[in-house]
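Colleague: I would like to go through the aromatic contacts here. Please take them residue by residue.

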Amino acid sequence: MSTPSAGPQRRARGRRSTPAGPDGPQLRETILTATADLLATTPFGELSVQDILTAAGISRGSFYFYFDSKHDVLAELVGRAVTGGHGAAEPWLADPPDKIAAPRAAIGAGARLWRTNAPILRAIVENWRTDPRLTTLWLDQMQSFTDATTAQIQADPHATARLSGLDIPAVASTLTWLGERVYYLAALGTPPFDDEEALIETLLHIWTSTLYGEPAGSTGQRGTRPGPGG
């Protein structure tokens, strides 16, 4: 599984030295925390660097030492959040014998991750086309989930038999982007996706029906590997 970067690499500035004193390294975290807090109440498109400066209680020079724009800050926050998303997927990607309990755990972990990081993930979903760096970041992150799903499907003879004749990367991409949209709607509190249990069971049904030909609750699925074609 490819692991996403924790955020964009810092570019060499050259024109400033590192802020002096013990608070220097903490300033960066202060900026990130202040921005995350602001996103809980302010849409990213309406957020200004001055808003961040005021909330963080820092100077403009300190901000621009660490980040070149608010988009740069969001990219860092998203990278950190999405790293947890790969951890959430591990129960299924570990190729467990139980093809229902593992994806249910993974989908549930994903739902909780989106709920915990809702302001940040809402911001990237709504703004990834507004800045080339955010576009590349989000497409790369989504592709990393798609690639991991593709590899898992291709390693499972039951799933590949079920999907015979189909473009497996296209199926994996569809499932990945479907999850992104549903989790996003849940993060907005949009019914019926605000019901986390219903969201988990519905996504689980779609995944298991697609990959194995039977819904999640079907007899014989739990704790077993389904036969080819379901």
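Colleague: Is tryptophan 128 buried or exposed?

Modeller: This is a predicted model, where local features need pLDDT of at least 70, side-chain atom pairs count only at pLDDT 80 or more, and totals for chains, interfaces and linings use all residues. Residues are numbered from 1 along each chain as its sequence is written, and side-chain values use heavy atoms, with hydrogens and water left out. Buried means under 20% relative accessible area, exposed over 50%, and partly exposed in between, with a 1.4 Å probe and protein chains only. Tryptophan 128 has 15% relative accessibility, so this residue counts as buried.

Colleague: How many aromatic pairs does the structure hold?

Modeller: Rings of Phe, Tyr and Trp (its six-membered ring) pair if their centres lie within 6.5 Å; planes under 30 degrees apart count as stacked, over 60 as edge-to-face and the rest as tilted. By that rule the number of aromatic pairs is five.

Colleague: Why is the pair of tryptophan 114 and tyrosine 183 given its class, and which class is that?

Modeller: The ring centres are 6.0 Å apart. Because the planes of tryptophan 114 and tyrosine 183 meet at 25 degrees, the pair is stacked.

Colleague: What is the relative accessible area of tryptophan 114?

Modeller: Tyrosine 183 is buried at 11% relative accessibility. Tryptophan 114 is also buried, and its relative accessible area is 9%.

Colleague: Which residues form one aromatic cluster with Phe63?

Modeller: The cluster is made up of three residues, Phe63 being one of them.
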